[in-house]
Amino acid sequence: MKIVIAPDSFKESLTAEEVAQAIKRGFEQSISNVECLLCPVGDGGEGTVDAIRHSLDLEEKWFQVTGPFGLNEAMRYFQKGQIALFEVADLVGLGKIPREKRNPLHIQTRGIGELIRHLIDLGMKEIYIGVGGTASNDGGIGIAAGLGYQFYDENGIELEACGQSLFEISHISKDKASSVPADVRIKILADVSNPLCGPHGATYTFGKQKGLNPAKFQDVDIAIENFYGKVAPEISKLEGAGAGGGIAAGLCAFAGAEIVSGIKTCLDLVKFDEQVADADLVIVGEGRLDSQSLAGKAPIGVAKRTPRGVPVIAICGSLSEDLPPLPFENIVAAFSILEKSEPLADSLKKAAVYLENTAASIARIMSLR
């Protein structure tokens, strides 16, 4: 029996690779003649690039860029040939920012633009960027600053490239800006379709989880819309431009990037179709499977790409009550790994054990046939 194990990461607990390994151990405990093919995936959220790198055997590298508080930091990226991948969360992810410093209007994303310039100088022709899980809400101006754009107030004083400066920008200078060569393709791996502005935009949807006071939502949203009204009006309503607190918008406006489906692109890169062609079973999973998962998240993306006739089983941290009745979207069964009522922190620590136990139980049921 060939089983393709293609889970997403379990947020704040396990990487996609660790999830896949735990599920593999469980199946191997209960089925002697099983072949488990690990294919960790991501949908553009935090952990996507890590998932892809394992399948593509990418080389990890580091480059010094401006960090979230203006100090130099080493940021990692992955490379193979003329292809490079990185995640903005490795520099400005929520997990990187101490809670007492989480002010999304002051987090700098300049380093992302600096890394893009570096990759272009190295001769990269395809650059894939995961933009999920950020702590910033700068509308993307940090990207522009990293590419050489400068921002000034009405008195000609240069402003720091952060969200707070959106309220003061009077003049934008392109004198030192670098343009992205026409033969370089930059693709944003997105797991959300939110526009940049409006009630479903970056600020209103994601601002609170980044630490932004809801009382500021309207002012920040208007400031971002006014900024793009001057530099790139078409960006404000672009589907997915709100990803990463507007980082996606900045990449599109200033680096000519294209927003693509994170999970579809991930599956293309890891050659999922080839790996699943002769599979007997596919396992998917994520930390919590809910109705939002149906809008293009990893488990659903994998299930939809699985050939008809190959059953798909979901093993997740938890299952929401708002899920439709099974089967749905090619998923024939879904399991929560939680074995007992306990504090969330304990469940996160024991997730690998619970995954292994759940997979072993499923395998024992299958072996009864």
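This is a predicted model: local features need pLDDT of at least 70, side-chain atom pairs count only at pLDDT 80 or more; totals for chains, interfaces and linings use all residues.
1. Strand 3 (residues 59–66) and strand 4 (residues 72–80) pair in the antiparallel sense, and eight bridges are found along the pairing. Within this pairing T66 stands opposite N72 of strand 4. The two strands form a hairpin with five residues between them, and in the turn G70 has a positive phi of about 90 degrees.

2. Strand 4 also pairs with strand 5 (residues 83–87), again running antiparallel, through three bridges.

3. The structure holds five aromatic pairs, one of which is formed by Y204 and F217. The ring centres of Y204 and F217 are 5.7 Å apart and the ring planes stand at 75 degrees, so this pair is edge-to-face, the class used for planes over 60 degrees apart. Because Y204 lies in helix 6 (residues 202–210) and F217 in helix 7 (residues 217–231), the pair ties together parts that are 13 residues apart in sequence.

4. Helix 7 also packs with helix 8 (residues 247–255): their axes come within 12 Å and cross at roughly 15 degrees. That angle makes helix 7 roughly parallel to helix 8, and the crossing of the two is left-handed. On the helix 7 side the contact is made by F227, Y228 and V231, and on the helix 8 side by A249, G250, A253 and F254. Sorted by class, the residues of this contact comprise six nonpolar and one polar, with no charged residues.

5. Helix 9 (residues 262–269) and helix 11 (residues 298–305) pack with their axes 9 Å apart, at an angle of about 55 degrees. That makes helix 9 oblique to helix 11, and helix 9 passes helix 11 in a right-handed crossing. In this contact I263, K264, L267 and D268 of helix 9 meet A298, G301, V302 and R305 of helix 11. By class, the residues of the contact divide into four nonpolar, one polar and three charged.

6. A reader comparing the two helix contacts may wish to set their class counts side by side: the contact of helix 7 with helix 8 has no charged residues, whereas the contact of helix 9 with helix 11 has three. The handedness can be set out likewise, with a left-handed crossing for helix 7 and helix 8 and a right-handed one for helix 9 and helix 11.

Conventions:
Residues are numbered from 1 along each chain as its sequence is written. Side-chain values use heavy atoms; hydrogens and water are left out. Axes are lines fitted to C-alpha atoms, for helices over the stretch in contact, and angles run from 0 to 180 degrees between N-to-C directions. Helices (H or I, at least four residues) and strands (E, at least two) are DSSP runs, numbered from the N terminus. Angles under 35 degrees count as roughly parallel, over 145 as roughly antiparallel, 65 to 115 as roughly perpendicular and the rest as oblique. A crossing is left-handed if the near helix is turned anticlockwise from the far one by less than a right angle, and right-handed if clockwise. Contact means heavy atoms within 4.5 Å. Ala, Val, Leu, Ile, Met, Phe, Trp, Tyr, Cys and Pro count as nonpolar, Asp, Glu, Lys and Arg as charged, and the others, Gly among them, as polar. Two strands pair if DSSP finds at least two bridges between them. Rings of Phe, Tyr and Trp (its six-membered ring) pair if their centres lie within 6.5 Å; planes under 30 degrees apart count as stacked, over 60 as edge-to-face and the rest as tilted.
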